[in-house]
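Trainee: I've got a model open on my screen and I'd like to talk it through. Can we take it a piece at a time?

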Amino acid sequence: MPLPWRERIAFALLLLRLGVAIALLPFAVDWRSPLLASLRPAALPALIALPLLLIAMDGWTLWTAPHNRIRRALSIGVIVAAGASLLATVSLEGSFRWVRARVLAADTAQLEKLGRHFIVGYRDPAEIDQLIDLRAVGGVFVGARNGLTADALRRQIEQWQDKRRRQGLPLLWIATDQEGGAVSRLSPPLPRQPPLAAVIAQSPDEGGRQTAAHDYGLSQGRALASLGVNLNFAPVVDLNKNLVNPNDRYTRIRERAISADPAIVTDIARHYCLGLREAGVRCTLKHFPGLGGVFEDTHVEAGHLRAPLGELERGDLVPFRALMGEGTFTMLSHARLTALDAARPASFSEAVVAGLLRNNWGHDGILITDDFSMDAVYGSKEGIAAASVAALNAGVDLLLIAYDPAQYFAMMDALLAADRGASLRPAVLARSARRLAAEDVAP
């Protein structure tokens, strides 16, 4: 005999609640993932309120229909799944708050010592202000997401730098990602420029291209300097291998690269950097060892540069090797240079950073990581905390945490513990401190 319509509706709603409870679990277990950073303000109340509501509803179901075995089993399933989601959410939030409090209460001298190695973005201005007060960062990443007008951003940056002057510390690195074209993190408030590749394509001869690149960098640098930005994460010196990955939503090197020819890339990047430097802004070569030949999008998965080292030395590595001794910063990608280290991203690989760059190439300039919010680091076997320790031990100078600044606390907590436990290499840190001091902007 068919169930009455009210029973059918009640049963369907029960199945719906079970589906919701199960669907909540993966979000609850990893709701502090950087991939969910933009949803996090709304996620916490939802991940607490929804499970509580489901538990209450199915507790009532168990009370009112104790003899219906199927409904009873399903309701127990809802309560168990919702309870697991609630427990995971509360545990993760409690752990985060505990780590955050521990970092903020750490010894100021130790925070200053390690904080010089961080460039941190922000979603909450009060939080970055607090870190600057504690001397716990060496730079701030700014972008349009911060929602400030040009005048407001200029005033904000000047307030930060005044604070550093009063502290007697070098000025902060104020960094952004202003390549031109699709990656223009400060447009607005700055006007959007066309990609550098499109600009030089209008010049038929070498001299015209060089002038166009210099003028592009100078114009861009003056606009950035007018806001107080002194470090730009550009130019892209990855070669254009024209790789097409339908799932690549964020990297899209083929749309950002200057050229497929390493000689042209080197020449244009050099003149662009000269223009930028003329305006008082430092350039950053990215993304070592080159993302042009990496199929995967390292924002969301592990990436691999699988070419033999000899082939890379004739191609992808040419612009880096030519320009890294010219006062540039270099950004390390999260792709794995499989010829040297198939297990770890270049950004915290001992073989790549210490072995290739510091020892074999003898490079003594500033190395900064790509954003540690990316899943190629966060989702790696080591995880974001251990990766931070490995990066500094390998000889990296600056750790970038831009998209999800909340990850800073796990990273700093790991570094504080490693420093106290003598797991950080003093000689490597001392050399890095010397490199950073040589580049410091005087207060």
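Trainee: In which loop does Arg135 lie?

Mentor: Keep in mind that this is a predicted model. Arg135 has a positive phi of about 60° although it is not a glycine. As for its place in the chain, Arg135 sits in the loop between α5 and β2 (139–141).

Trainee: Is Arg135 buried, partly exposed or exposed?

Mentor: Buried means under 20% relative accessible area and exposed means over 50%. Arg135 comes out at 25% relative accessibility, so the label is partly exposed.

Trainee: What is phi of Arg252, roughly?

Mentor: Most residues other than glycine have a negative phi. Arg252 lies in the loop between β6 and α9, and it is partly exposed, with a relative accessible area of 21%. Its phi is positive even though the residue isn't glycine, with a value near 45°.

Trainee: Which residue is joined to Pro235 by a cis peptide bond?

Mentor: Most peptide bonds are trans. Pro235 is placed in the loop between β6 (231–232) and α9 (253–256). The cis bond there has omega of about 15°, and the partner of Pro235 is Ala234.

Trainee: And what is omega for the peptide bond from Lys286 to His287?

Mentor: His287 is found in strand β7. The bond that leads from Lys286 into His287 is cis, with omega near 5°.

Trainee: Which side chain makes a polar contact of 2.7 Å with that of His287?

Mentor: His287 is buried, with a relative accessible area of 3%. Leaving aside neighbours within four places in sequence, its contacts include Val236, Ile253, Phe320 and Met331, as well as Asp238 and Asp370. The side chain joined to that of His287 by the 2.7 Å polar contact belongs to Asp238.

Trainee: Which side chain does Glu179 meet in a polar contact of 2.7 Å?

Mentor: Glu179 is in strand β4 (residues 178–180). Its relative accessible area is 9%, so Glu179 counts as buried. Not counting residues up to four places away in sequence, it touches Tyr216, Gln220, Phe233, Ala234, Val236, Arg256 and Lys286. The polar contact of 2.7 Å is with the side chain of Lys286.

Trainee: How many Å separate the C-alpha atoms of Glu179 and Arg256?

Mentor: Arg256 is among the residues that Glu179 touches. The two are 77 residues apart in sequence, while in space their C-alpha atoms are separated by 8.3 Å.

Trainee: Which element gives the most to the lining of the second largest pocket?

Mentor: The second largest pocket has about 450 Å³ of space. It is lined by 23 residues, with Arg32, Arg40, Phe96, Glu127 and Ala406 closest to its centre. Two or more lining residues come from each of α2 (40–64), α3 (69–104) and α5 (125–133). With four residues, the one that gives the most is α3.

Trainee: How many charged residues are in the lining of the second largest pocket?

Mentor: Sort that lining by class and you get twelve nonpolar and two polar residues. The charged class there has nine.

Trainee: Is Thr89 buried or exposed?

Mentor: Thr89 has its place in helix α3. Not counting residues up to four places away in sequence, it touches Ala28, Trp31, Leu44, Leu47 and Ile48. Its relative accessibility is 0%, so Thr89 counts as buried.

Technical notes
Residues numbered from 1 in each chain as written. Predicted model: local features only at pLDDT ≥ 70, side-chain atom pairs only at ≥ 80, totals over all residues. Heavy atoms only, no water. 1 Å grid on protein atoms, 1.4 Å probe; cavity = no way out; pocket = protein on both sides within 12 Å on 5 of 7 lines; lining within 4 Å. Points joined across faces, edges and corners; volume = space filled by probe spheres on them. Nonpolar A, V, L, I, M, F, W, Y, C, P; charged D, E, K, R; others polar. Buried < 20%, exposed > 50% of the residue type's maximum accessible area, 1.4 Å probe, protein only. Contact = heavy atoms within 4.5 Å. Polar contact = N/O pair within 3.5 Å; in protein donor to acceptor, adjacent residues only side chain to side chain.
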